[in-house]
Amino acid sequence: MEQHAEILIGKPWQRRIPGWRDFLAVLLVVAVIILLGLGGRQMVAPFTITQQPTISLSPSVLPGYALRTTMRMLAALVASLIFTFTYATAAAKSRRLEMVLIPLLDVMQSVPVLGYLSFTVVFFVSLFRGSALGPELAAIFAIFTAQAWNMAFSFYQGLRTVPIDLDEASRAFHLSAWQRFWRLETPFAMPGLVWNMMMSMSGGWFFLVASEAISVGSIQFALPGVGSYVALAIEQRDLRAVGWAIVAMTVTIVLYDQLLFRPLVAWADKFRFEQTAAAVVPRSWVLDLFRESPLLGAIGRPVSAGIEALARSRFSFPRKIRWARPLQAPQRLGDVAWLSLIAVALVYVGWKLAQFARPTLTWDDLAIVGRNGALTFLRVVILIILASIVWVPIGVAVGLRPRLAEKVQPVAQFLAAFPANLLFPIAVFLIVRYQLSPKIWLSSLMILGTQWYILFNVIAGATAFPSDLRECASSFHVRGWRWWREVMLPGIFPYYVTGAITASGGSWNASIVSEAVSWGSQHISGLGLGAYIAEKTTAGDFPRIALGVAVMSVIVISMNRLIWRPLYALAERRTRLD
Amino acid sequence: MRKVSKAFPRPSGEPLTALADISLCLHDGEILGLVGRSGSGKSTLLRIAAGLIEPTSGDVLYCGKPVHGPAAGIAVVFQTFALFPWLNVIENVELGLDALGVDRGEARRRSREAIDLIGLDGFQSAYPRELSGGMRQRVGFARAMVIQPTVLLMDEPFSALDVLTAETLRTDFIDLWIEHQLPTKSVILVTHNIEEAALMCDRVLVLSSHPGRIAAEIPVPLSHPRNRLDQEFRNIVEEFYSILTARAAELKKAEGQLRVGFVRPLPALGINRLIGFIEALASPQHQGQAELAKIAHLPSLQVKDVLAVAEALHILEFAELQEGSIKLTAAGRVFAQSGTDERKRLFREHLLRFVPFAAHICRVLQEREGHSAPSVRFKSELEDHLSANDAEKTLETIIRWGRYAEVFDYDDETRNFSIIRPAEQAAP
């Protein structure tokens with residue numbers, strides 16, 4: 001549920017109001033998740049994991065834990081990349097698959113990440129009975145769900161928007177499909193893909209921490225990692241250990257950024273499509289080191305030569321079958337067959353779903369979920385407004401001072417990437433200590449991690465604001481509220497919307513872990529849809545988890561379509577400065 | 001190499017004819033020019049020849065065999081250069097060889113030769129974004145030459161370059177051509193620059209628009225290198241202009257009778273271009289009349305626009321095109337001497353009278369309750385007769401002209417047309 005603006009506005013599949021496709025896609029996604037969980041549960045009924053590794057609270061184990069957490073992250077990244085290259089390519093190349101895959105992707109990215117978790121845990125655990133591999137894969141899958149959808153979307157858009165002249169050039173010069181994919185389409189989509197990878201990474205950390213120690217009904221496990229460490233610290237009310245975990249995570253994120261993403265971004269810069277030189281070229285000391293060190297170069301050369309040879313080879317069938325003229329009738333026939341196949345699949349899952357829900361769910365459940373959903377919706381809206389009131393002026397003030405912005409921007413980006421759930425214990429401790437109302441104060445946790453998106457996007461917007469416009473405004477003595485309303489706010493609007501979209505998506509996701517929290521044996525709940533899902537997850541009440549997740553997805557999709565997409569379109573049309 | 005080709009790309013619904021019954025033959029050792037206004041389908045024709053687009057009917061023959069998909073031995077040079085920004089110069093040049101499965105060492109050697117030939121020494125490892133426009137197009141040429149094509153197709157290769165660079169590149173290419181240093185036997189050059197066609201081509205085909213047909217075939221019997229100041233050269237350029245303008249005038253007359261003019265496509269032109277042109281014509285230097293070939297050299301006007309502006313003025317009857325020259329009408333002279341308000345009034349009259357679609361919009365707005373209408377409505381009406389691209393351009397031009405004339409207002413945010421003063425505006 002990490003929405004990014006460029007995905008929301010997706011050109012090839014652009015619709016304002018939720019339509020029947022969305023509805024069907026929601027049905028399909030929810031059904032598949034549930035069936036997975038159900039199947040798993042049937043395979044092994046009551047079930048515990050033998051050989052649970054013990055988690056220690058000693059700070060000396062933290063580097064090891066951090067390493068294991070990072071390895072999970074990397075594994076998920078690789079899985080997401082594989083998914084991206086297959087799923088997005090299939091959607092971009094086949095019109096029929098596109099009809100199904102893209103709406104599906106749109107829904108999948110609106111399902112709360114932890115919503116998948118409760119079902120996939122059961123599935124993976126039952127797949128590898130008793131072994132720690134099950135929970136391990138479930139945790140990796142949780143991170144996968146936090147990144148894969150965005151990456152696939154951005155790659156798909158890249159593939160669909162390859163400039164026509166380059167496409168013609170590649171065909172005129174007889175590149176094979178394989179060569180085109182690696183030499184034109186992938187490079188073109190690369191900057192967007194890398195950027196999305198980096199942005200969804202922050203979501204990844206968040207869910208990794210949340211998914212390392214989880215209990216779904218009777219299944220309980222804790223994987224060695226920073227997340228489990230924090231969970232144990234909460235259980236034992238050890239604030240010092242929480243502090244250590246925060247330090248460990250900070251170091252990990254900074255290293256990850258410096259060693260993996262800075263080099264990637266700097267490297268991907270050469271795939272930028274603009275033919276002009278960039279004003280600021282992203283640099284990375286690691287990449288420079290690799291490029292300049294003779295030893296590393298010697299190691300790298302055969303590897304890169306191998307990759308290059310692979311990308312250069314043709315890999316095409318010697319003869320292509322070609323139709324003399326486009327065949328009209330068979331194509332239509334194929335469409336009909338394909339659509340009926342989809343319809344049959346939908347009817348089947350719909351029936352299965354009804355069968356699954358009827359015995360347990362009542363209209364009362366729906367009413368309860370609806371009420372909780374409204375509460376969470378209210379929270380998200382109020383929090384976004386509050387965060388905007390606070391961070392927009394600050395962001396503008398920072399962004400207009402280039403020196404300061406240079407220093408603040410990386411900090412804001414770091415804060416956005418930091419898994420805010422590590423900070424929850426501190427907040428909860430304070431709430432418990434000072435007897436604050438959980439309904440109000442727990443809400444603030446939802447936006448703890450996501451407000452930074454607003455800040456750093458606004459800073460970026462204010463930095464990019466053309467200085468001639470600013471000078472013009474000051475020479476005409478535009479000041480005070482008029483200056484905000486007529487000069488600055490329209491100027492940063494597109495950036496602000498981008499930030500707010502991400503912040504809102506993140507807050508929905510965070511609600512599941514932040515509306516109900518505990519400190520030792522003390523549990524406090526702020527009510528709301530997130531708390532509802534969390535509570536049902538602990539109880540292992542699958543029909544109600546599914547209901548909660550489905551309702552949340554529907555609210556998020558509607559919010560995207562009815563609020564964010566029109567706002568973004570407005571920003572694109574009216575106030576883009578270029 | 002012989003070829004007969006037709007094409008009917010279609011928008012929504014009924015097919016729209018972009019090229020109708022075109023037959024042409026490219027001879028050995030010639031540079032064939034394709035000239036026409038934008039929208040005449042000359043680029044489409046080139047892409048059909050390249051095998052990038054399949055013709056709806058008809059065949060393209062190359063070396064006696066029908067062409068399906070890009071044929072070996074045909075290379076294309078693109079208007080936008082179409083270089084891969086993530087590949088450096090030599091990698092871009094090698095691209096075509098990789099596709100042919102040429103061995104690495106051999107590919108490197110041939111690329112270096114092509115780069116030397118085209119004058120790119122020392123730039124092998126530069127990336128396209130580090131190069132100037134002229135250098136980029138040289139890479140485009142090198143990439144095409146390295147696969148040793150028998151036929152070279154050039155799609156307005158010089159039009160994205162500034163005047164001086166384009167001239168240098170043209171001369172360099174012609175030098176290589178006459179010295180027979182190129183493996184290429186024949187060239188097709190698409191251009192809208194008339195002097196360029198006269199300067200480079202041995203034979204020029206003039207395409208008419210809507211649908212694209214071959215309107216004229218003009219041989220250029222001058223030997224290379226040609227001199228722009230040469231009297232013979234000037235005569236040929238003037239002949240081109242008179243053929244093109246005669247066609248425009250004829251077309252207008254025919255449309256007037258057939259009422260097809262209702263949805264006549266308009267060039268994308270702002271009001272200032274028109275006013276500038278009228279003022280230039282009315283200046284003492286020209287006395288309200290000028291030859292197009294000469295006025296094309298006015299520094300304030302870009303060469304490629306002259307015909308479009310002249311035609312727009314012709315449509316609006318502020319000027320009259322005849323045999324390569326343009327003459328202001330009485331209304332045009334009055335316009336040139338009037339103040340802003342009077343000009344607007346005059347323009348309004350002419351717009352409503354001679355651009356029937358503008359009058360149509362006005363009428364619809366008056367009839368509708370609330371006096372406003374969404375632009376989609378008009379756009380789809382235009383699309384019944386024009387390609388989507390032309391319809392959009394035409395509507396945009398009508399909006400620009402209509403705003404100036406204060407006939408109606410257009411809100412880009414709501415995409416709505418509305419009428420400014422419903423009571424006073426009455427379509428004549």
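1. In this predicted model, strand 15 of chain B and strand 16 (residues 416-419) of chain B run antiparallel and are joined by 4 bridges. Within this pairing, B:Phe408 stands opposite B:Ile419 of strand 16.

2. These two strands belong to an open sheet of 3 strands in chain B, with the order 14-16-15 and antiparallel pairing. Strand 14 (372-374) and strand 15 (408-411) of chain B are the edge strands, each pairing on one side only. From one strand to the next, the twist averages 25 degrees.

3. Helix 13 (residues 356-367) of chain B lies across strand 14, strand 15 and strand 16, and runs at about 75 degrees to strand 16. Helix 14 (residues 375-383) of chain B packs on the sheet and touches strand 14 and strand 16. The direction of helix 14 makes about 60 degrees with that of strand 14.

4. Elsewhere in chain B, helix 2 (residues 89-99) packs against helix 3 (residues 104-117) at an angle of about 120 degrees, and their axes are 9 Å apart. The angle therefore makes helix 2 of chain B oblique to helix 3 of chain B. Their crossing is right-handed.

5. On the helix 2 side of this contact are B:Val89, B:Ile90, B:Val93, B:Glu94, B:Leu97 and B:Asp98. They meet B:Ala107, B:Arg110, B:Ser111, B:Ala114 and B:Ile115 of helix 3. The contact residues divide into 7 nonpolar, 1 polar and 3 charged.

6. Chain A is divided into domain 1 (20-44 + 60-273), domain 2 (284-315) and domain 3 (360-578). The C-alpha centres of domain 2 and domain 3 of chain A lie 41 Å apart.

How values were computed: Residues are numbered from 1 along each chain as its sequence is written. Chains are lettered from A and ligands numbered from 1 in the order in which they are written. This is a predicted model: local features need pLDDT of at least 70, side-chain atom pairs count only at pLDDT 80 or more; totals for chains, interfaces and linings use all residues. Axes are lines fitted to C-alpha atoms, for helices over the stretch in contact, and angles run from 0 to 180 degrees between N-to-C directions. Angles under 35 degrees count as roughly parallel, over 145 as roughly antiparallel, 65 to 115 as roughly perpendicular and the rest as oblique. A crossing is left-handed if the near helix is turned anticlockwise from the far one by less than a right angle, and right-handed if clockwise. Two residues are in contact if their C-beta atoms, placed from the backbone, lie within 7 Å. Ala, Val, Leu, Ile, Met, Phe, Trp, Tyr, Cys and Pro count as nonpolar, Asp, Glu, Lys and Arg as charged, and the others, Gly among them, as polar. Domain bounds come from an automatic or database domain assignment. Two strands pair if DSSP finds at least two bridges between them.
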